[in-house]
Amino acid sequence: MWRQVYVALVTISLVVVFSATTYAQTLAPSTLGSGSHDQKAAEDMVQVITEKSVGEIVSKPVHRIAKKRAPVVTKKPAHPVVKDSAPTIAKDSAQTVTEKPAQAVPKSTARTFVMEPVRPMNQPTVSSTTKPVSRFSFRSADGKKESAPVITQYYPKQMVYPFGKVDRHIDGRLMQAASIAEERAHAHSRSRCWHYVKEALLASGAVDSRPKTELARDAAQELVSNYGFKRLSVNDPFSAPIGSVLVYGTSRSVGHVEFRTRDGFVSDFRSKTPSRRPLLGVYAKL
């Protein structure tokens, strides 16, 4: 059956070729001499095609070529992604969080998200433990145990004391006596304040003989009666002039005696602050 079909196809093709050549010859002019030659060549070609090629084409079975169709990939339609607008968080006085439905906003206008400022949460207070203040313990000359706080940090404005002033009315040898006492003084008291003050007064020439009283509280009376000292109208130890002698004590205590220096007080030891005992008076030799 396939051979008959192919023979019919070849026959149809030959008829078409002959009809084309015949039509071409009718259209060609008669003066051209090459027409007969072309016609013979065409007839020879047709004969060659009919005699040789037809038998070969018919004898060979033609296999049907089936083109494989490319698999059709169907893409699923992408679903539109709908973004949920962020809910606005509103905090009331009871610290409750409520979500409000998002309202439709036109595309032309930009979206604005309004949120309340975050408030700090109430954090529990941590009680900080205070470190105990370290103290320096020592034994005084009387054999008593005493202690003083150890300062680990420097506070320049915590302890401010005024400097002593120079009074030109008092004897200059008293300022020299205060300098001598400061050179001989110690860092801590040795309970010999009146003894060191006597030695300084005698070394500077402020007195011509060594005072004889034993108790420091009696120094004021002896200096006034025997050495020409006078009591100054000063009640604040810091206001005492440099070189003046300050006498402290009560009728039941031994008392204390010291010189006023430029930056503190001195007797048998140096101190930035005056004695805590009651002040009997400030004395100087004019």
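**Entry 1: a histidine in a strand**

I started with H256, which lies in strand β7. Strands here are DSSP runs of E with at least two residues, helices are runs of H or I with at least four, and both are numbered from the N terminus. Before going on, I noted that this is a predicted model, where local features need pLDDT of at least 70, side-chain atom pairs count only at pLDDT 80 or more, and totals for chains, interfaces and linings use all residues. Residues are numbered from 1 along each chain as its sequence is written, and side-chain values use heavy atoms, with hydrogens and water left out.

Is H256 buried or exposed? H256 counts as buried because its relative accessibility is 4%. The cut-offs are under 20% relative accessible area for buried, over 50% for exposed, and partly exposed in between, using a 1.4 Å probe and protein chains only.

Next I asked what H256 is in contact with, leaving aside its neighbours within four places in sequence. I found C193, A216, L246, V247, Y248, S267, F269, S275 and R277; contact means heavy atoms within 4.5 Å. The side chain of H256 also joins that of E258 through a polar contact of 3.1 Å. A polar contact is a pair of N or O atoms within 3.5 Å; within protein, one must be able to donate a hydrogen and the other to accept it, and residues adjacent in sequence count only if both atoms are side-chain atoms.

I then looked at R276, in the loop between β9 (270-271) and β10. R276 is exposed, at 88% relative accessible area. From C-alpha to C-alpha, R276 and H256 are 9.8 Å apart in space, and in sequence they are 20 residues apart.

**Entry 2: two helices**

I moved to α4, whose buried residues are C193, W194, Y196, V197, K198, A200, L201 and S204. Their cover includes α3 (172-184), α5 and β7. I checked the length too: at 1.5 Å a residue, the 12 residues of α4 should span 16 Å, and the end C-alpha atoms are 17 Å apart, which agrees. The expected span is 1.5 Å times one less than the number of residues. G205 follows α4 and has a positive phi, near 90°.

In α5 (residues 219-227), I found A219, A220, E222, L223 and Y227 buried. An α-helix has 3.6 residues a turn, so residues three or four places apart point the same way. The cover over the buried residues of α5 includes α4 (193-204), β6 (245-248), β7 (256-260) and β10 (279-284). Just after α5, G228 takes a positive phi of about 75°.

**Entry 3: a serine and its contacts**

S147 is in strand β4 (residues 145-149) and is partly exposed, at 35% relative accessible area. Apart from neighbours within four places in sequence, S147 touches R135, F136, S137 and F138. The side chains of S147 and R135 make a polar contact of 3.1 Å.

**Entry 4: rings**

How many aromatic pairs does a search of the whole structure find? I got 3. Rings of Phe, Tyr and Trp (its six-membered ring) pair if their centres lie within 6.5 Å; planes under 30 degrees apart count as stacked, over 60 as edge-to-face and the rest as tilted. F136 and F138 are stacked, because their ring centres are 6.0 Å apart and their planes are at 20°. F136 is partly exposed at 45% relative accessibility, and F138 is partly exposed at 25%.

Y161 and F238 are stacked as well, with centres 5.6 Å apart and planes at 5°. This pair links distant parts of the chain, 77 residues apart: Y161 is in the loop between β4 and α3, F238 in the loop between β5 (230-232) and β6. Ring pairs link Y161, F238 and F265 into a cluster.

**Entry 5: the whole chain**

I counted 5 helices and 10 strands. Of the 286 residues, 23% are buried. The average pLDDT is 75, and 59% of the residues score at least 70; pLDDT is the predictor's confidence in each residue, from 0 to 100. Over residues 48-59 the pLDDT stays under 50, and the model has 7 contacts beyond four places in sequence for them.
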